[in-house]
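Hello,

Here is the structure I promised to pass on to you. Please have a look at it first, and then read on for what turned up.

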Amino acid sequence: MNFHQSKNIFKEWNKKIDNLLTEITDEELVSIQDAIDKATNNPSVLPFNNQFGNKLRILVPIAYNVYQDEGALGELLNTLVVAGWKVDLNTGIASKSSEREFEGVKRVQTRQMKVNAIWTTFLDLLRKHEIIFDKAYQQSPDLADIAEYTATNPELNKISSQMEALMGEAISGQYVADMAFKKAEQKINNFIKTWQTEAAKIKGKMAEESTYSVLFSRHPVDVLRMSDFKNITSCHAPKSRPTGLYAGGGSYYNCAVAEARDGGAIAYLVITEDAKAIDLTQKFVLSDESRGQQAIDPIARIRLRVLDNPDLEISFAIPEDRIYGTNIKGFQETIEQWVISQQATEFKKVFDFYSSPENNKNINLSDFYRLGGSYEDTSVGQLFSSLKNKVEGLKDFKLINNVYFDNITQTEVDTENIGPLKQEVKKEIDEFNANMKKWKVSLACDEDYTAEMQDDYVHIDPKVYYYYDIPFNEVISEKSLQFLVSQKGLKFLQEEISELIEDKYVSAKAEYEKYPDFMRIKLYPMEKRFIDTSIRSVNDLIDYLGNMFYQFKSRDNKIATINYIINVYIKREGVIDGGALARLNTDIINQDFESDWTLEGDEDAMDNPSIVSGEIGLVIPFNEIKNLEAVKTNLTNKKFVQYLKNNIYEFPDYNDLNVFFDVDEDLMIYIKIDFEENAKDEYVTAAANMFQNETKESLTDKMIEAINTMFKSSTSIPKQKLQEFKHLNSRWKMFLG
């Protein structure tokens with residue numbers, strides 16, 4: 001094989017590799033193609049060109065010395081070093097050697113403990129020491145007495161020896177003599193918490209300083225894919241994201257597009273060997289989970305925001321303080337060291353300009369512009385303040401005013417996405433409505449939603465509402481219905497609901513819609529009370545719709561409460577049957593009228609009773625009956641019973657009106673009437689009049705007259721066997737029992 005053949009094969013292989021590592025879809029690539037072309041052909045026009053030395057990617061090894069850490073972790077470990085402990089940072093196990101002599105033979109003993117076990121043991125010894133010392137002070141506050149007591153107390157001497165063996169004489173003396181117990185306790189507890197949170201970032205990761213590196217990149221593809229990895233996902237994930245919580249794209253993917261277009265940068269935590277095996281100048285270098293390509297697989301990332309000052313002709317790379325992925329010690333510190341060292345020229349310009357007499361060390365943030373996407377984990381002003389405090393010479397400078405956000409690029413991205421966004425919004429709303437109907441939940445979302453640009457931002461305005469349907473075949477008063485759906489009637493309804501549940505569920509507005517078979521009452525909740533921020537993406541919309549369902553149904557079923565309130569209201573107002581029963585029930589419970597009837601109401605549901613009953617017994621002496629034998633024979637005759645009902649109640653065909661008999665020394669007639677929920681108002685009203693106006697005396701007279709009218713000295717009604725009556729009589733007695 002000659003040289004030219006080898007060269008051609010190499011070219012074809014490169015093409016193949018380039019195709020295999022297509023990390024995002026063509027559609028996503030098109031959205032940032034201009035930025036890619038600009039970065040590839042003329043990287044010098046991108047922000048941070050000085051910092052990157054005209055490159056798009058830079059690999060910086062992490063060189064982190066935990067013992068030089070100026071924070072709590074460094075203090076913790078250095079304290080253990082002074083105490084004689086040696087900590088294995090990969091295992092978290094500390095060891096301490098001590099020399100002992102026994103019978104002239106010197107021996108070295110090694111003690112091993114977990115780091116936090118050392119601190120908890122030391123704290124326990126300090127606590128015991130404090131208790132004994134307090135006891136000595138209570139016996140005598142004289143210092144001489146205390147000194148003698150502590151010097152001669154064997155238990156205290158034992159504890160002191162244990163502390164010195166554990167932490168050495170210097171550290172033990174510092175914690176016992178130089179600080180109060182409360183302060184020592186707080187300091188040790190802080191060490192314990194520090195080790196709990198920080199140990200995971202260093203255990204198993206300290207074999208070589210260069211095991212991990214930071215890949216700084218301002219390549220648009222790398223920026224776009226900031227949340228497109230197995231261990232790094234967020235609301236910035238692209239639509240091609242195949243798996244996980246953000247599969248199908250995050251709600252702020254549009255911000256990632258804007259960041260990629262505007263020249264933002266990103267810092268990835270990577271394994272050094274992986275990064276060195278890849279040509280960092282090629283188009284795609286990061287792993288592609290959806291296509292199974294394993295190149296550089298980022299472990300964590302921190303964004304570098306663009307902070308631009310046109311007047312000073314500088315662009316700062318400002319690192320975010322939030323880390324996505326698995327963090328290790330040294331990652332954030334390496335990024336900070338890099339941005340400070342690489343931006344020395346930019347910081348000097350800031351120093352020179354704002355230290356002038358007219359500025360008097362006041363850095364005016366309104367001179368700066370933030371570029372890229374609208375989303376911020378932390379405001380860039382706060383991030384800049386934190387960074388400048390680590391720059392020598394700028395610590396005493398004061399920040400005034402606020403940074404401006406240049407939203408031109410973000411607006412362009414959002415405007416391009418309005419069409420597809422509307423389609424996705426409609427799809428989600430249709431699915432929500434279908435699910436609510438399927439689950440028989442009376443929530444719906446209007447189809448006349450808005451999804452548009454407002455004030456340079458995408459704004460989605462879904463209109464979720466609760467509804468209550470009133471079938472026309474249940475309406476008993478058209479006049480009452482018309483009042484209910486009037487502006488005043490709906491207002492009264494809202495106020496009544498708001499007395500029992502939070503007004504956010506009904507306070508926005510109330511409307512009605514007329515359908516062929518029913519009238520629909522629609523109550524709109526207060527949207528802003530159900531979502532913290534504006535709805536600017538499909539994911540925001542999904543979260544909002546899910547929260548509405550949760551708040552109304554799943555949390556404590558507010559829908560059932562509202563249904564009950566409206567049902568009671570429309571009954572009381574005479575729209576449907578049930579109001580008369582509620583009034584009768586209230587009168588019975590409150591004993592608002594006298595009656596010979598035995599009445600029973602529903603105390604557990606005053607406004608919407610499940611059942612209300614009335615019962616009365618009439619005694620008719622045999623001597624008042626003209627044809628006693630005929631009566632006894634026909635007590636089970638349906639015509640006879642119906643005839644008596646006609647003389648008792650205005651609606652004798654009402655199913656739950658019952659008449660029973662008993663024959664002993666007199667003829668006993670028992671009348672019982674029941675009304676269950678939603679009984680017709682006309683039936684209940686007639687019964688209420690009967691309960692109030694028909695006394696035992698008047699009903700007895702009516703029964704005597706009716707019986708004697710029907711059964712004269714001779715009757716044409718066929719006689720029935722008395723045994724049938726006796727059987728019915730025994731059954732009735734069982735019922736009364």
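Which residues of the largest nonpolar core touch the most other members? Before the answer, a word on how to read what follows. This is a predicted model, where local features need pLDDT of at least 70 and side-chain atom pairs count only at pLDDT 80 or more, while totals for chains, interfaces and linings use all residues. Residues are numbered from 1 along each chain as its sequence is written, and side-chain values use heavy atoms, with hydrogens and water left out.

**The cores**

The answer is Trp-119, Met-167, Tyr-175 and Phe-216, in a core of 78 residues. A nonpolar core here is a set of buried Ala, Val, Leu, Ile, Met, Phe, Trp, Tyr and Cys residues joined through side-chain atoms within 4.5 Å. Buried means under 20% relative accessible area, exposed means over 50%, and partly exposed is in between (1.4 Å probe, protein chains only).

Leaving aside residues up to four places away in sequence, Trp-119 touches Leu-76, Thr-79, Leu-80, Met-167, Tyr-175, Ile-188, Phe-191 and Ile-192; a contact means heavy atoms within 4.5 Å. There is also a second, separate core of 48 residues, and among its members are Tyr-468, Leu-493, Ile-535 and Val-575. As background, nonpolar side chains tend to be buried together in soluble globular proteins.

Thr-79 is worth a look beside Trp-119. Thr-79 belongs to helix H5 (residues 72-82) and is buried, with a relative accessible area of 12%. With residues up to four places away in sequence not counted, Thr-79 touches Trp-119, Met-167, Ile-171 and Phe-191.

**The whole chain**

The protein has 27 helices and 25 strands. These are DSSP runs numbered from the N terminus, helices being H or I with at least four residues and strands E with at least two. Of its 737 residues, 47% count as buried. Among contacts between residues at least 6 apart in sequence, 68% join residues at least 24 apart.

Two strands pair if DSSP finds at least two bridges between them.

E22 and strand E23 (residues 611-621) run antiparallel and are joined by three bridges. Within this region, Thr-598 stands opposite Glu-615 in E23.

**Salt bridges**

The structure holds 32 salt bridges, each being a side-chain nitrogen of Lys or Arg within 4 Å of a carboxyl oxygen of Asp or Glu. Here are some to look up:

- Asp-124 pairs with Lys-128, their closest N and O atoms being 3.5 Å apart. The two are separated by about one helical turn because they are four residues apart in helix H6 (residues 115-139). Asp-124 is partly exposed at 32% relative accessibility, and Lys-128 is partly exposed at 42%.
- Lys-463 and Asp-461 meet through their side chains at 3.5 Å, N to O.
- Lys-702 and Glu-694 form a salt bridge at 2.6 Å, N to O. Glu-694 is buried, with a relative accessible area of 13%, whereas Lys-702 is partly exposed at 32% relative accessibility.

Salt bridges with shared partners also join Glu-259, Arg-303, Arg-305 and Glu-320 into one network.

**Two asparagines with positive phi**

Most residues other than glycine have a negative phi. Asn-360, though not a glycine, has a positive phi of about 55 degrees. Asn-360 sits in the loop between helix H14 (344-354) and strand E12 (362-364), and counts as exposed at 57% relative accessibility.

Asn-678 also has a positive phi, near 70 degrees. Its place is the loop between strand E25 (666-676) and helix H25 (681-693), and at 43% relative accessibility Asn-678 counts as partly exposed.

Best wishes
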